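Here are my notes on the model you sent. Please read them with the structure open.

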Amino acid sequence: MILGSHVGMSGKEMFLGSAKEAAGYGANALMVYTGAPQNTRRKPIEELRIQEGWDYLREQGIGNLIIHAPYIINLGNSVKEDIFELAVRFLRLELERSQAMGAEALVVHPGSHVGEGAEKGLARVIQGLNEVLEDEKTTIPLALETMAGKGSELGRDFEELARIFDGVRHNDRLRVCIDTCHMHDGGYDLREDWEGVLRELDRLIGLKQVAVVHLNDSKNPRGAAKDRHENIGFGAIGFDTLYKIAACSEFSQIPKILETPYVPGTDKKTYPPYQYEIAMLRQGVFDPDLKRKIVEGEQ
Ligand code: FE
Ligand code: FE
Ligand code: ZN
């Protein structure tokens, strides 16, 4: 099972620190933001300590790296020209950074239509992706994430993602990242009909296009369009379904990345759950006592 989580990349150690963090969780995959997810300030590639990070990862047998673009960039904005242009410019640079880092894909949220309607928003996203992918400096794939449909988010169902694929000239560079929390919050019935969801995904996009799975439980009922992640087995999707997805043969060769929340302790601090969630998924047995163990294990 190729399993990991998002890990930090900051300070002096940068990617070397990311590698150490992932190894500490017993992961064999990892996902990083190249800087703060809520802004577009980034260090030059030479300062990321890429080679040292990879030396460390290889020693630990970790081979799958995914990069996540910051969630503030919006290719779907058809109102403010500067926001759209920033997104295009930034994504091109992010593709260069991701390629230099040796990532297998760059995950991006398709965008938000900011009140203009899905029609206009999708057209803008397609225009933006065409501009981004015209730049032939990079070859790394761009994975569009399935979204929960919160606010005016685009990519809330497979149809919308399929329309983006249809409109993008260089769609051989596009892939998808399926986020279990987002699909559930967007209305897909992962619990009762995972096979049906897979068939739908295969029909509209193709299972081969899936480059990453974001494995998260959800705090909200199916269809809530909320996007609030929960720890594995503690939410509305539940352990059995998430384990089935993590273990399914269709995605055995692609990384499953946890983006579950840190667990609050009694000391007002919060603790990373990934080492524990990864171990639980590898064993395939839910531990209802996991949150207590995380806090006690880390304190
Ligand atoms: Fe995301
Ligand atoms: Fe996600
Ligand atoms: Zn989310």
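1. Four residues hold the iron ion (ligand 2): Glu145 (OE), Asp179 (OD), His214 (ND1) and Glu259 (OE), at 2.0 to 2.2 Å. Donors here are N, O and S atoms within 2.8 Å of the metal (3.2 Å for Na, K and Ca); water is not among the atoms, so sites may look incomplete.

2. Keep the origin in mind: this is a predicted model, where local features need pLDDT of at least 70, side-chain atom pairs count only at pLDDT 80 or more, and totals for chains, interfaces and linings use all residues. Residues are numbered from 1 along each chain as its sequence is written, chains are lettered from A and ligands numbered from 1 in the order in which they are written, and side-chain values use heavy atoms, with hydrogens and water left out.

3. What is the arrangement of the 4 donor atoms around the iron ion (ligand 2)? It is irregular, because the angles run from 81 to 169 degrees. Four donors count as tetrahedral if all angles lie between 85 and 135 degrees; four count as square planar and six as octahedral if opposite donors are over 155 degrees apart and all others between 65 and 115; anything else is irregular.

4. The donor residues of the iron ion (ligand 2) follow the sequence spacing E-x33-D-x34-H-x44-E. Glu145 coordinates both this ion and the iron ion (ligand 1), and the two ions are 3.3 Å apart. Asp179 lies in strand β6 (residues 174–179) and Glu259 in the loop between β10 (256–258) and β11 (263–264), so this pair ties together parts 80 residues apart in sequence. Helices (H or I, at least four residues) and strands (E, at least two) are DSSP runs, numbered from the N terminus.

5. Are Asp179 and Glu259 buried or exposed? Both are buried. Buried means under 20% relative accessible area, exposed over 50%, partly exposed in between (1.4 Å probe, protein chains only).

6. The structure holds 15 salt bridges, each a side-chain nitrogen of Lys or Arg within 4 Å of a carboxyl oxygen of Asp or Glu. One of them joins Asp189 and Arg222 (3.9 Å, N to O). Asp189 sits in the loop between α6 (180–185) and α7 (190–204), and Arg222 in the loop between β8 (217–218) and β9 (229–230), so the pair links parts 33 residues apart in sequence.

7. Glu200 and Arg203 also form a salt bridge (3.2 Å, N to O). Both lie in helix α7, 3 residues apart, about one turn of the helix. Glu200 is partly exposed at 23%; Arg203 is exposed at 59%.
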